[in-house]
Amino acid sequence: WSQGWSLHHLDMITYDDPEVKTFRLSIQKVGKEVARAFVRSLGDNTNIEELWLDGDSIELDMALSLASSIRTNKTLKSLKLRNTTIAGTGSVAIFDALKSNTTIEEFILDNNRIGPYPMKTLAEVLRTNHTLKVLHVCQNPIGTAGGVVLAESIRANTTLEELCLQDGDLGRPCADSLGRMLLRNKKLRTLILAHTGLSSDGLVDLCKYMEHNKTLNQLVIAGSHIEDGAARSFAHLLKRTKTLRKLGLCGNALGSDGMKTICEGLAANRTLTLVRIMANHIGNKGARAFARAAAGHRSLKEADLSRNGIKESGGRALAKCMEKNTIIESFSCFGNRIEEEDKDRISMYLRLNRAGRRFIKDVNLSQSKWMEVLNAVNTDTDLAFHFIRERPDLLLL
């Protein structure tokens with residue numbers, strides 16, 4: 001919102017229009033006086049379900065008003081505080097208010113300069129709150145101490161489904177606490193750890209605990225340094241997991257040897273549907289390792305190997321992989337030096353897979369599914385050619 005807006009203008013939008021469900025307010029643009037008045041009135045608001053507050057600082061009086069509104073508001077489902085410096089006492093007040101709130105399901109803290117001490121109050125919330133499903137604590141210097149208390153509080157939590165910790169400089173003790181959390185928690189589905197300073201040894205600890213977790217579906221580790229020991233632990237995890245569906249390992253300096261190790265686990269995996277291993281310097285050797293592992297994978301549908309220094313020979317291996325694999329429908333290799341011919345081949349096989357190439361050889365295919373395949377054949381010349389090549393017997397029927 002531009003400068004010059006008054007609370008009257010905000011009231012016209014947030015109260016008079018029941019269709020306004022999402023509202024983003026830049027404190028810096030509207031000014032602190034208007035922002036304070038709006039925050040005070042939020043407690044009685046019955047329309048807004050998603051609120052963003054960003055820009056400038058949330059001083060103590062505004063934080064206390066926001067806390068009061070959080071306690072009484074009955075419609076807010078998502079609260080996002082981004083690029084707003086919040087004083088220690090103010091953040092504690094906001095966190096404490098969540099104990100009384102029964103509607104907020106998503107709470108995003110991004111770049112608020114919140115340190116480890118207020119995390120104790122947020123941890124208390126996680127022990128008692130039964131509505132919060134998504135929690136992101138990003139670009140806040142919570143340190144090892146803050147990460148540990150959060151992880152310990154989530155062990156017995158029964159509602160949180162997604163946890164993201166980013167740029168928190170967590171350290172190895174926090175990796176152990178996160179691992180123990182995964183050992184006991186029965187609800188968490190997504191764990192994102194980005195640029196957290198976790199060491200390779202810490203990741204080894206985390207993987208050992210994760211092998212026994214039966215609920216986590218998505219794991220993202222980004223901006224760490226995965227050395228040989230951690231790569232072997234991830235490979236072992238992939239071999240043993242029965243629940244993990246999505247894995248993101250971005251910017252972890254895997255190298256070709258680390259990629260080869262992880263692909264040994266990928267080849268034996270039976271659960272993953274998505275793998276993203278971008279910016280890991282895997283080169284041609286790593287690309288060939290992925291091609292061998294993915295060629296016969298029966299559940300993988302999406303993969304991303306962008307910005308990995310893959311060149312001609314690696315590209316050829318990936319194209320051959322896509323020719324053999326009939327399941328993968330989306331594959332990104334942006335930022336690599338792959339020849340255009342191989343890119344075209346990859347694109348063609350992905351399109352065939354999306355059209356149902358895997359069904360052509362299925363002798364037990366239902367009649368309704370055959371009709372879908374035949375309709376696709378009528379509109380896709382590549383699929384028609386593949387159909388004729390693979391099932392010439394059907395042309396005689």
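This is a predicted model: local features need pLDDT of at least 70, side-chain atom pairs count only at pLDDT 80 or more; totals for chains, interfaces and linings use all residues.
**The chain as a whole**

The protein chain contains 16 helices and 14 strands, and buried residues account for 54% of its 397 residues.

| Helix pair | Axes come within | Crossing angle |
|---|---|---|
| H7 (residues 143-154) and H8 (residues 172-184) | 8 Å | roughly 10° |
| H10 (residues 228-240) and H11 (residues 255-268) | 7 Å | roughly 10° |

On the H7 side, the contact is made by Thr144, Gly147, Val148, Ala151, Glu152 and Ile154, while H8 contributes Pro173, Cys174, Ser177, Leu178 and Met181. Sorted by class, this contact of H7 with H8 holds seven nonpolar, three polar and one charged residues.

The axes of H10 and H11 likewise cross at roughly 10°, and these two helices are therefore roughly parallel to each other. From H10, the residues Ala231, Arg232, Phe234, Ala235, Leu238 and Lys239 meet a set in H11 that consists of Gly258, Thr261, Ile262, Glu264, Gly265, Leu266 and Ala268. By class, the contact of H10 with H11 comprises seven nonpolar, three polar and three charged residues.

In helix H6 (residues 116-128), the buried residues are Pro118, Met119, Thr121, Leu122, Ala123, Val125 and Leu126.

Helix H12 (residues 283-294) has twelve residues and extends 16 Å from its first C-alpha to its last, which is close to the 16 Å expected at 1.5 Å a residue. Within H12, Gly283, Gly286, Ala287, Ala289, Phe290, Ala291, Ala293 and Ala294 are buried. These buried residues pack against H11, strand S13 (302-304), helix H13 (312-324) and strand S14 (330-332), so that H11, which H10 meets through residues such as Phe234 and Leu238, is also among the elements against which H12 packs.

Arg82 belongs to strand S4 (residues 78-82) and, with a relative accessible area of 22%, is partly exposed. When residues up to four places away in sequence are not counted, Arg82 touches Trp52, Leu53, Asp54, Gly55, Ile108, Asp110 and Asn112. Arg82 and Cys138 are separated by 56 residues in sequence, yet their C-alpha atoms are 9.2 Å apart in space.

Met278 is located in the loop between strand S12 (274-276) and H12, and its relative accessible area of 22% makes Met278 partly exposed. Apart from neighbours within four places in sequence, Met278 is in contact with Leu249, Cys250, Gly251, Asp304, Ser306 and Asn308. Between Met278 and Ala222 there is a separation of 56 residues in sequence and a distance of 9.5 Å in space, C-alpha to C-alpha.

Technical notes
Residues are numbered from 1 along each chain as its sequence is written. Side-chain values use heavy atoms; hydrogens and water are left out. Axes are lines fitted to C-alpha atoms, for helices over the stretch in contact, and angles run from 0 to 180 degrees between N-to-C directions. Helices (H or I, at least four residues) and strands (E, at least two) are DSSP runs, numbered from the N terminus. Angles under 35 degrees count as roughly parallel, over 145 as roughly antiparallel, 65 to 115 as roughly perpendicular and the rest as oblique. Contact means heavy atoms within 4.5 Å. Ala, Val, Leu, Ile, Met, Phe, Trp, Tyr, Cys and Pro count as nonpolar, Asp, Glu, Lys and Arg as charged, and the others, Gly among them, as polar. Buried means under 20% relative accessible area, exposed over 50%, partly exposed in between (1.4 Å probe, protein chains only). The expected span of a helix is 1.5 Å times one less than its number of residues.
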